[in-house]
Amino acid sequence: MEATLAQLAALLGGKLEGPGDRVVSGIKGIEEAGAQDVAFLANPKYAKALPACRAGVVLVRLEQKVPDGLAVIRVADPYLAYAKILTQATAKPYVPLGVHERAVVEPGAALGRDVSVHALAYVGEGAVIGDRVVLHSGVHVGAGARVGDGTVLHPNVVLYHGCLVGKRCIIHAGTVIGSDGYGFVPDGERHFKIPQIGIVQIDDDVELGANNTIDRAATGRTWIQSGVKTDNMVHVAHNCVVGEHSLLVAQVGISGSTKLGRKVVLGGQVGLSGHITIGDGAMVGSQSGVAHSIEPGQIMSGTPAMPHKLWLRTSQLIRRLPELFDRVKALESGREGSREPLS
Amino acid sequence: MEATLAQLAALLGGKLEGPGDRVVSGIKGIEEAGAQDVAFLANPKYAKALPACRAGVVLVRLEQKVPDGLAVIRVADPYLAYAKILTQATAKPYVPLGVHERAVVEPGAALGRDVSVHALAYVGEGAVIGDRVVLHSGVHVGAGARVGDGTVLHPNVVLYHGCLVGKRCIIHAGTVIGSDGYGFVPDGERHFKIPQIGIVQIDDDVELGANNTIDRAATGRTWIQSGVKTDNMVHVAHNCVVGEHSLLVAQVGISGSTKLGRKVVLGGQVGLSGHITIGDGAMVGSQSGVAHSIEPGQIMSGTPAMPHKLWLRTSQLIRRLPELFDRVKALESGREGSREPLS
Amino acid sequence: MEATLAQLAALLGGKLEGPGDRVVSGIKGIEEAGAQDVAFLANPKYAKALPACRAGVVLVRLEQKVPDGLAVIRVADPYLAYAKILTQATAKPYVPLGVHERAVVEPGAALGRDVSVHALAYVGEGAVIGDRVVLHSGVHVGAGARVGDGTVLHPNVVLYHGCLVGKRCIIHAGTVIGSDGYGFVPDGERHFKIPQIGIVQIDDDVELGANNTIDRAATGRTWIQSGVKTDNMVHVAHNCVVGEHSLLVAQVGISGSTKLGRKVVLGGQVGLSGHITIGDGAMVGSQSGVAHSIEPGQIMSGTPAMPHKLWLRTSQLIRRLPELFDRVKALESGREGSREPLS
């Protein structure tokens, strides 16, 4: 990256206080940064480092006091501004590879412009691959599946037949989209398989971590809405809906037909029962087990889940159970003791 | 699907009340179904929809009251009947692909009749593949492994060397069968690896979800018996036995040498300790942690696991711990208070 | 295996009491072993089987009493000795395959001597593969990644670009190394992706189980130090450090930037919060949730984690909560009752 401070201020929509023609080329911490570097101050408690700061420019909050002579760009969120500059600085120009001769594209698949189908990737019959899509080695795109423009499927991602992935998605390695939902009905001793004839629909700008499993619907669709980001090893069962911009941290498991609203946050290793609803903006603390629906905006924790503040108190008391039993025992002895004078 | 009501009744072993020559071709909900559709009534509480129902035929319980003129097929389990019709309706005729020229079959592997070895699938030396087996792209069948007639390995399934999969199994994408069990013995600072020289044996009619891991035995076998169905991301350690027709819901983990009887059900995210026994027909509630053996037929929940009914009471009391501490404190104050008049 | 007792004693550094030229060729349990077999006695409680033992030689503890005439090799740890003999007995001579014609090695990759790059393995541009490395089918080695001498990547392992794996490592099938860490910053409604520009560094003699996910660092490295052994489905987030010889049992999840010291042991399904430190030699019981740092050598269990001994007491008391509520209620009634005579 090489950019003038004026260019950076324009990129960030920020207010520059300093020389617009100064050129910077690196990104460093506020204490390490030199005259060629951008630094940022997100947490005000580190403001004491500003007087000694030698950075070419510092990204600061709108209201931040700064020493005279230090070039700054004022922005609403310096950390976001840092992420944007880092993105620009580390972006590589996209060079389409085309279809590698060792890739396999079945007859009837349709490829968009400027795709990169790497060696050992597989595209099934009738699949539709958008423009600038990248399919890495070991990827399987099933028959009739669709991948939107600009999406990247990392190595060994499996997209089963008929499933849909939107535009600008990033699907990390080993993730499976569209395996059969877990549906059986007892038939005497045996479990009779209920055909899973629905699909998975993933909307635009979704990022799924590595080794996720998103099951196809029994009928209809399992639906991951736009902007959702999952961590690694997240499991979403058949017919679930994960609302826009929700965040699912690692090892979360969501049972069948459960619906998440917009901007829900589930902590690591959380388990949700099936057929419940998690309202918009609700949050669930890590390792919690949720058996009942949650209202919008609530913060819940624990197994069984309870309001987070109650869990904070309760969870501290669990370790005091031995003491409590002792105290109750003492009361019981005391009562017996205190009765004696009365008898 | 196109079928007469007489044909459907024969398929289901049900009792038809209506015109045997009526033809139906679709499957819909009881309120949406029209004259060409089959509907089903599994839950009696929806019986009130029957009078207005326009379906060509409705699958109902043996004892269900129905309006005059509505064609029905009486069966013991309408939901099972629905699943059977849906299976028939959505089944596609199997057309063997043979061995794709971009698949890799090592010398000495034996292939049955009518197999489908897709592009980029790998079959190792001395492997034995049964009739009508389907191996999707990215599948790895290790040296000397065996896959029974009619089994499907979905994309990127890995079957390590020497492991066995039975007939009519369905193994979903990304599942690993036969990785080394987790066995080490301390050697000073280091952990010395214990060779894992056993195998995994999977019997007939097993379905494993996506991204499971079933470890090979230290010696002998890790054994998944016939009819077992697992959800996604289930982990089974070395030398475990999972008894016939057991159900393991998503993200279950079973430690080494643990034995499950027949028809055990483990809820999502359950963890079992090693070297324990879970009796026939036992059930464990989701997220439970089980450190001790469970008798046949018991239902257990919680960490540590306790009888499910006790867990239902206990788990409601956990959130009342703050109240309980307050009540005990009040008793203690009261006792002190009540002592004063005595002193 | 065919070996004389003298050879075995030399291999183990043990003291032979018996004929040095006796040849044994099998390994069996102490009751099944015959004159051609090695047996071992690790647990003294099975010593009563010694008088009837017909093994060619038994591996015993240094201080073990043995019947006259029974050949033994005395060692500090008979189980370790068994593992060493088993390793020798089951080791196959390594025969390098070279690069299979159906493997894909991109230009600019460097391969060491005596490698085995199996069919359908992929080696990216500029990757460096050490001597005697084995890459199975479906493996992806990203651009610029490095794999040390003698390491085995089992089928469908994914090593993202630029990541490093040391010498003599074993990485089991489906494991993903170097997927992006889970890092986003709010940008109004959306989550803005923070580029993950660090790497994963895995040191020597590490074994990772199947379907693990080890995320690349935001900047710098996620670091798995030498001798670490993980079970299946272990998740390690960005910028974590897992210290030498630590053991992570199945389905463990470690949040970002958490540091584990040397020889830490985490039980199955444990979850660790981010930005905490687990001291050398600390142990965490299975299914525990750890939100705070742990001092070296401590043993913790439960959610929230507490000292293991306290957890053992506490966890027994949870199931007695209904009783405790009843007892408190009785005290409350009693107090009311006892007050009456006072009023």
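**Figure 1. Strands β12 and β15 of chain C in the predicted model.** Two strands are said to pair if DSSP finds at least two bridges between them. In this predicted model, strand β12 (residues 122–123) of chain C and strand β15 (residues 140–141) of chain C are joined by two bridges, and they run parallel. Within this pair, Tyr122(C) is the residue that stands opposite His140(C) in β15(C). Both strands belong to an open sheet of 10 strands with parallel pairing, whose order in chain C is β9-β12-β15-β18-β21-β26-β29-β32-β35-β38. At the edges of this sheet are β9 (104–105) and β38 (289–290) of chain C, each of which pairs on one side only.

**Figure 2. An open sheet of nine strands in chain C.** Here the strands follow the order β10-β13-β16-β19-β24-β27-β30-β33-β36, again with parallel pairing. Because β10 (110–111) and β36 (277–278) of chain C stand at the edges and have a single partner strand each, one side of each is left without a neighbour in the sheet. Inside the sheet, strand β16 (residues 146–147) of chain C runs parallel to strand β19 (residues 164–165) of chain C, and two bridges join them. The bridge partner that Arg146(C) finds in β19(C) is Leu164(C).

**Figure 3. The hairpin of β22 and β23 in chain A.** Two residues lie between the strands of the hairpin, in which Gly188(A) takes a positive phi near 65°.

**Figure 4. The surroundings of Gly108(A).** This glycine, Gly108(A), is found in a loop of chain A, between β9 (104–105) and β10 (110–111). Gly108(A) counts as partly exposed because it has 13 C-beta neighbours inside 10 Å, where a residue with 12 or fewer would be called exposed and one with 20 or more buried. If its neighbours within four places in sequence are left aside, Gly108(A) is in contact with Glu125(A) and Gly126(A). Leu153(A) is 45 residues away from Gly108(A) along the chain, and their C-alpha atoms are separated by 20 Å.

Figure 5. The copies use different surfaces, since 19% of the contact residues of chain B recur in chain C.

**Figure 6. The contact between chains B and C.** To this contact chain B gives 48 residues and chain C gives 46 residues. Elements that supply two or more residues to the side of chain B that touches chain C include β21 (176–179), β22 (184–187), α3 (308–318) and α4 (321–339) of chain B. The element that gives the most to this side is α4(B), with six residues. Sorted by class, the side of chain B that touches chain C has 23 nonpolar, 17 polar and eight charged residues.

Notes. Residues numbered from 1 in each chain as written. Chains lettered and ligands numbered in written order. Predicted model: local features only at pLDDT ≥ 70, side-chain atom pairs only at ≥ 80, totals over all residues. Helix = DSSP H or I, 4+ residues; strand = E, 2+ residues; numbered from the N terminus. Contact = placed C-beta atoms within 7 Å. Nonpolar A, V, L, I, M, F, W, Y, C, P; charged D, E, K, R; others polar.
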